[in-house]
Amino acid sequence: MNDRISFIRLPILLLVLFFLGKLIVGAAGGDYSLGTRLFAMVPLTVHLCLIWGALSRSLRATGAGSAALTGVLIALVAQILIVVGTLGSYILGVDTHFSSPVAIVGVDRAVGFGEAAFARVFGLLVNCVIGAVAASLGWALGGLVPGGGAAGRGVGP
């Protein structure tokens, strides 16, 4: 597992940087749409899953299942950060973009702690599946990576 975590160090760093950026913009009172334009974590996660799925095929010569697991791990990191940001915002009573009702339920209405927690845990599960699918698609496209395609040459598992 350490090898797999080591492989996704850059995605983890990018997700943490986007998390901190979104947290700071929100806590400083910045507009929600600005924070989303600058630090949209879910689109970043999907892109990272696609790219690291392709890299897992071309650089590591792994199978589609391994690429899907890579996508799940990337999405899990992103979603854990989002859950921590949301629950921390509620517990500390700080308004951030993670506690925005638009981010949680998609509409501008009051959202209680329980509903927010449920929505975020549900989002964690759904986004891990999306991460697996995106990484699998990336794996399927991994042969297009320049200098890659080791899996297609009979190298690796």
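The legends below describe close-up views of a predicted model. Local features need pLDDT of at least 70 and side-chain atom pairs count only at pLDDT 80 or more, while totals for chains, interfaces and linings use all residues. Residues are numbered from 1 along each chain as its sequence is written, and side-chain values use heavy atoms, with hydrogens and water left out.

**View 1. The largest nonpolar core has 18 residues.** Such a core is a set of buried Ala, Val, Leu, Ile, Met, Phe, Trp, Tyr and Cys residues joined through side-chain atoms within 4.5 Å; buried means under 20% relative accessible area, exposed over 50%, partly exposed in between (1.4 Å probe, protein chains only). I8, L15, M41, L48, W52 and I74 touch the most other members. Two or more residues come from each of α2 (9-27), α4 (41-58), α5 (64-92) and α7 (113-140), and α4 gives the most, six. Helices are DSSP runs of H or I, at least four residues, numbered from the N terminus.

View 2. C49 is buried at 1% relative accessible area, and C128 is buried at 12%.

**View 3. F18 and F39 form an edge-to-face aromatic pair.** Rings of Phe, Tyr and Trp (its six-membered ring) pair if their centres lie within 6.5 Å; planes under 30 degrees apart count as stacked, over 60 as edge-to-face and the rest as tilted. Here the centres are 5.7 Å apart and the planes at 90 degrees. F18 lies in α2 and F39 in the loop between α3 (32-38) and α4, so the pair ties together parts 21 residues apart in sequence.
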